[in-house]
Amino acid sequence: MFWRRVAVVVSSGVMVLGNAAVADPRMTLYSGGDILTMEGSEPRYVEALLEHAGRIAYAGTQRQARAMAGGDVRVVDLAGATLLPGLIDAHGHFIVASHTLLNADLSGVRTIPELIARLKVHAASVPPGEWIEGMGYRLEQLEERRHPTTSELDQVSEVRPVFIQDGSGHQGAINRVLQRQMGWQADAPPGEARVFALMQARPPRSPQRIREGVQRAVALWTQHGQTTASELGLGLGGQDLAVVKHIQAEPLLPIDLAIYAKHDWWERLGPQQRGNGRYDNRVRWSGVKVWLDGNTSELARRSASDPGQGVEDLVQLLQRLRSDSSWPAARQLAAHAVGDQAADQLLQAVNQFLATQGPLDHRTVLHHGVVLRPDQIEQVKRLGVVVSFTAAGLYPMGDALTRALGPERQGWLGPIGSVQRTGRPFTLHHDLPAGVSPSLMDALWSAVTRTSRSGAVLQPQERITPYAGLQALTRYAAYQLFEEQQKGTLAVGKLADLVVLDANPLKVDPMAIRQIKVLATIKEGKEIYRSPQWNRSVARARQPVAHQDETAVPKAAAEQRPTQKRR
């Protein structure tokens with residue numbers, strides 16, 4: 001039910017939106033807890049960190065920090081909490097979420113009658129002219145194991161359009177009013193293509209509603225420690241570009257937003273929208289996005305369904321990204337590739353492209369990587385591709401995917417450890433609002449423990465250490481976005497993008513990582529989120545836990561709340 005918690009955060013007054021906060025001319029000194037710099041291949045701690053004018057001025061000893069700061073310094077006592085670089089959203093849909101966060105929250109529903117009941121309650125608050133919408137239900141959690149019918153959704157309204165999307169965002173259902181409005185045959189199930197068509201056909205929302213949706217998205221991202229957000233597919237919604245323009249005009253963002261436009265939106269974006277690769281009122285156009293297959297409900301087997309996205313088309317797209325003078329900086333290709341057949345297409349295209357271009361720091365990103373073969377992982381290393389894993393999906397969907405893939409293919413499921421061992425940077429993401437959780441600590445927990453809903457450990461050889469996972473959320477995520485010179489580590493001169501956690505992920509039982517909470521989120525020295533818990537209790541400190549053997553992942557069922565290790 002994380003959608004509903006967002007409204008609480010907005011109304012509690014703990015958010016600082018836009019540029020309303022006034023910068024403090026003094027230095028700020030952070031000390032009194034673990035300060036993890038994320039520099040190097042092994043954990044490195046410092047006693048104190050100094051921030052000045054939005055950047056890191058010093059990271060080192062307490063004594064030297066106080067000497068540099070002088071007498072007029074603002075001191076922040078971490079009180080045992082852990083400070084590290086702000087978390088980076090390597091694959092999310094911030095603009096999409098700014099719409100869906102105003103819809104009915106259907107996550108966790110167990111029956112279709114329960115789903116209908118939630119929609120009815122939500123319908124009463126929907127302004128005239130808008131569709132009644134909801135998102136978040138999952139077939140595997142519904143007793144009926146099917147999508148609602150048009151007749152069932154007619155119970156919500158027989159005069160207003162009703163449109164719902166499942167948790168993946170790729171499937172859904174509509175009522176008869178909307179079916180007639182779209183000109184579709186009776187009881188035609190709205191699969192992936194039709195769901196995307198519906199997202200384009202939605203009526204535009206008012207500036208006030210756009211503002212409210214963006215504020216909810218900001219609240220959700222910052223509540224979970226993220227100082228950089230992303231939109232991997234601008235153009236999924238018909239009003240997306242108008243929302244971006246509204247965001248920049250007000251401005252509405254206290255955090256950065258990296259945007260990847262749908263590849264077929266290329267001609268719609270003029271030079272003014274594409275920009276010069278720099279942030280403009282916290283928005284940066286980073287590249288283009290292509291979809292090479294569907295979602296995990298199709299067993300991660302489907303190859304490209306769109307004949308316009310074959311290998312040769314991808315090669316041409318990569319070439320155009322490098323040569324088109326009207327796109328001077330946003331030249332990165334991001335590819336949705338759930339299964340190994342889609343991964344084959346992308347890797348073949350990159351191989352052909354580099355054969356004509358020579359060595360090039362292109363950082364093409366293979367997003368999701370639910371199924372990757374060992375030979376493809378070697379190609380990822382050789383070709384300089386970055387893999388961004390939807391790690392949190394291992395818990396709710398891992399058992400079903402393992403069964404669907406069968407004994408020959410199940411070893412290829414989310415091979416995070418294998419990619420990490422190649423030495424290539426990789427990232428972990430939440431894919432919000434299509435993901436299962438907005439928390440990157442949840443993604444970290446999944447990558448470290450690989451625990452499924454049944455309590456099984458999925459391919460234990462693919463687990464990674466908590467430190468490697470934190471690198472994926474900070475240092476490597478900055479690398480993926482071509483922003484490693486400004487973000488990702490606590491190094492002098494970099495932006496003071498910080499997150500304060502109530503426990504150190506390296507010093508808790510691995511099973512407790514998902515329960516770690518964000519106490520504060522700081523963007524360029526300004527506190528943009530603070531949890532009430534920080535003032536009420538001293539943060540938890542923990543001794544390091546070895547993560548070299550089976551004992552690091554308890555055998556108990558994952559549903560049980562883990563016992564955290566004490567000093």
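Strand 9 and strand 10 are joined by 3 bridges and run antiparallel. Helices (H or I, at least four residues) and strands (E, at least two) are DSSP runs, numbered from the N terminus, and two strands pair if DSSP finds at least two bridges between them. The structure is a predicted model, in which local features need pLDDT of at least 70 and side-chain atom pairs count only at pLDDT 80 or more, while totals for chains, interfaces and linings use all residues. Residues are numbered from 1 along each chain as its sequence is written, and side-chain values use heavy atoms, with hydrogens and water left out.

Across the pairing of these strands, Ile164 stands opposite Ala173 in strand 10. The sheet concerned is open and is formed by 4 strands in the order 7-8-9-10, with mixed pairing. Its edges are strand 7 and strand 10 (172-174); each has a single partner strand, so one side of each is left without a neighbour in the sheet. Angles run from 0 to 180 degrees between N-to-C directions, and axes are lines fitted to C-alpha atoms, for helices over the stretch in contact. Helix 4 touches strand 7, strand 8 and strand 9, and its direction makes about 140° with that of strand 8. Helix 7 (residues 192-201) touches strand 9 and strand 10, and its direction makes about 130° with that of strand 9.

Strand 8 (residues 132-137) is mostly covered, with 6 of its 6 residues buried; buried means under 20% relative accessible area, exposed over 50%, and partly exposed in between (1.4 Å probe, protein chains only). Strand 7 (residues 104-105) and strand 8 run parallel and are joined by 2 bridges. Ala104 has Gly134 in strand 8 as its bridge partner.

A second open sheet contains 8 strands in the order 6-11-12-13-14-15-16-17, with parallel pairing. Strand 6 (87-88) and strand 17 (426-428) stand at its edges, each with a single partner strand, so one side of each lacks a neighbour in the sheet. Within this sheet, strand 15 and strand 16 (residues 386-389) run parallel and are joined by 4 bridges; Val365 has Val386 in strand 16 as its bridge partner. Helix 17 (residues 466-473) lies across strand 6 and strand 17, running at about 90° to strand 17.

Leu87 lies in strand 6 and is buried, with a relative accessible area of 1%. Beyond its neighbours within four places in sequence, Leu87 is in contact with residues including His224, Leu440, Met441, Leu473 and Val499. Leu87 and Thr521 are 434 residues apart in sequence, and their C-alpha atoms are 9.1 Å apart in space.

Helix 16 (residues 440-449) has 10 of its 10 residues buried, so it is largely enclosed by the rest of the structure. At its start, a side-chain oxygen of Ser439 reaches to within 3.1 Å of the backbone nitrogen of Met441. This is a polar contact, that is, a pair of N or O atoms within 3.5 Å; within protein, one must be able to donate a hydrogen and the other to accept it, and residues adjacent in sequence count only if both atoms are side-chain atoms. Just after helix 16, Arg450 takes a positive phi of about 50°.

His362 is found in the loop between helix 12 (340-357) and strand 15 (365-368). At 5% relative accessibility, His362 counts as buried. A polar atom of its side chain lies 2.7 Å from the backbone oxygen of Leu383.

Rings of Phe, Tyr and Trp (its six-membered ring) pair if their centres lie within 6.5 Å; planes under 30 degrees apart count as stacked, over 60 as edge-to-face and the rest as tilted. The count by this rule is 4 aromatic pairs. One of them is edge-to-face: the rings of Trp131 and Phe163 have their centres 6.2 Å apart and their planes at 85°. Both Trp131 and Phe163 are buried.

Methods: Contact = heavy atoms within 4.5 Å.
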